[in-house]
Amino acid sequence: MKQKEHFEYSTGVIAYPVLFVLILWIVFWFEVRFGMRLSKFGIYPQTIEGMRGILLSPFLHGDIKHLYHNSIPLLVLSVALFYFYRPIAWKVLFWGVLCSGFLTWLIGRSSYHIGASGLIYVLVSFTFFKGVFAKHYRLIALSLLVIFLYGSMIWYTLPIEQGISWEGHLSGLLTGLLFAVGFRKHVAKPKKYIWEEANYDEENDPFLKHFDENGNFIEHIEPDPDVEEESDSIKLSVNYIYKTKED
């Protein structure tokens with residue numbers, strides 16, 4: 001696969017993340033409009049009924065503040081995912097929801113866990129670690145940007161605030177790290193220059209010939225006997241034709 005296929009803009013880069021976030025707002029509007037509380041469809045750990053929340057919980061939010069705080073990072077990180085990791089974007093989203101949700105179901109407290117924050121932590125973790133592992137300068141730059149914007153989120157993987165599903169956050173963080181290690185195919189590789197190739201002939205490199213084996217500069221290079229030098233007798237003559245004012 002050509003590297004340029006990873007970093008080309010398409011309508012889906014924006015359209016899919018916007019559509020996903022829009023669905024979250026439609027679900028919340030539905031709850032408010034019809035006076036329904038869908039929190040019971042979230043993840044309730046260690047119960048068979050609570051397993052339905054593994055798929056449904058990312059679409060459910062407690063209030064508009066909760067939804068707003070999840071919408072912006074989800075939109076930004078999803079756009080980055082579809083632009084930089086397009087070939088595996090859907091796999092990361094789908095399996096990210098399932099794996100982080102299932103891990104939350106295993107380790108969570110006896111309470112309903114709702115919200116898209118678990119998926120956000122998957123994206124933050126995956127984007128950061130994948131950029132570091134890939135060793136591609138663009139992906140590393142993206143990793144640093146993600147840490148700059150969302151690095152403080154790491155504290156919410158610990159039980160430091162009441163009412164926040166730190167288990168969901170921790171599950172997302174671990175899932176993203178696992179994906180960064182596991183998804184190795186179809187990820188942009190750093191460009192290799194000709195001197196980095198395994199079969200590169202260093203001995204005949206015209207630049208390296210100016211240095212000895214210790215790296216010292218060689219002022220005079222002995223001519224290669226296999227290369228015929230041009231004859232000194234060949235001279236270039238230039239004739240100028242001009243006219244005087246009298247002519």
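Buried residues are those under 20% relative accessible area, exposed residues are over 50%, and partly exposed residues lie in between, with a 1.4 Å probe and protein chains only. The structure is a predicted model, in which local features need pLDDT of at least 70, side-chain atom pairs count only at pLDDT 80 or more, and totals for chains, interfaces and linings use all residues. Residues are numbered from 1 along each chain as its sequence is written, and side-chain values use heavy atoms, with hydrogens and water left out.

The protein has seven helices and zero strands. Helices (H or I, at least four residues) and strands (E, at least two) are DSSP runs, numbered from the N terminus. The order of elements from the N terminus is α-α-α-α-α-α-α. Of the 247 residues, 35% count as buried. Contact is defined as heavy atoms within 4.5 Å. Among contacts with a separation of 6 or more, 77% come from residues 24 or more positions apart.

Helix H1 covers residues 11–34. The expected span of a helix is 1.5 Å times one less than its number of residues. For the 24 residues of H1 this gives 34 Å, and the end C-alpha atoms are 34 Å apart, which agrees. Eight positions of the helix face inward by the accessibility criterion: Gly12, Val13, Pro17, Val21, Leu24, Val27, Phe28 and Glu31 are buried. These buried residues of H1 pack against helix H3 (64–84). After H1 comes Gly35, with a positive phi near 60 degrees.Helix H3 has 21 residues. From its first C-alpha to its last, H3 reaches 30 Å, close to the 30 Å expected at 1.5 Å a residue. Its buried residues are Leu67, Asn70, Ser71, Pro73, Leu74, Leu77, Ser78, Ala80, Leu81, Phe82 and Phe84. The buried residues of H3 pack against H1, H4, H5 and helix H6 (137–150).

Two packed helices are described by the angle between their axes and the distance between the axes. Axes are lines fitted to C-alpha atoms, for helices over the stretch in contact, and angles run from 0 to 180 degrees between N-to-C directions. The axes of H3 and H5 cross at roughly 40 degrees and come within 10 Å. H3 is therefore oblique to H5. Angles under 35 degrees count as roughly parallel, over 145 as roughly antiparallel, 65 to 115 as roughly perpendicular, and the rest as oblique. The crossing of H3 past H5 is left-handed. A crossing is left-handed if the near helix is turned anticlockwise from the far one by less than a right angle, and right-handed if clockwise. On the H3 side, the contact involves Asn70, Pro73, Leu74, Leu77, Ser78 and Leu81. These residues meet Ser117, Leu119, Ile120, Leu123, Val124 and Phe126 in H5. The contact of H3 with H5 comprises nine nonpolar, three polar and no charged residues. In this classification Ala, Val, Leu, Ile, Met, Phe, Trp, Tyr, Cys and Pro count as nonpolar, Asp, Glu, Lys and Arg as charged, and the others, Gly among them, as polar.

Helix H4 (residues 89–107) also packs on H5 (residues 117–134). Their axes are 9 Å apart, at an angle of about 120 degrees. H4 is thus oblique to H5. H4 passes H5 in a right-handed crossing. Val92, Leu93, Gly96, Val97 and Ser100 form the H4 side of the contact. The H5 side consists of Gly118, Leu119, Val122, Leu123 and Phe126. By class, the contact of H4 with H5 has seven nonpolar, three polar and no charged residues.

Leu98 lies in H4. At 22% relative accessibility, Leu98 counts as partly exposed. Leu98 touches Ile54 and Leu55, not counting residues up to four places away in sequence. Leu98 and Leu55 are 43 residues apart in sequence, and their C-alpha atoms are 6.6 Å apart.

The loop between H1 and helix H2 (53–56) contains Ser39. With 18% relative accessibility, Ser39 counts as buried. Leaving aside neighbours within four places in sequence, Ser39 is in contact with Glu31, Tyr112 and Ile114. Glu31 is itself one of the buried residues of H1.

Lys40 is found in the loop between H1 and H2. Lys40 counts as partly exposed, at 46% relative accessibility. Apart from neighbours within four places in sequence, Lys40 is in contact with Arg52 and Tyr112. Lys40 and His113 are 73 residues apart in sequence and 9.1 Å apart in space, C-alpha to C-alpha.
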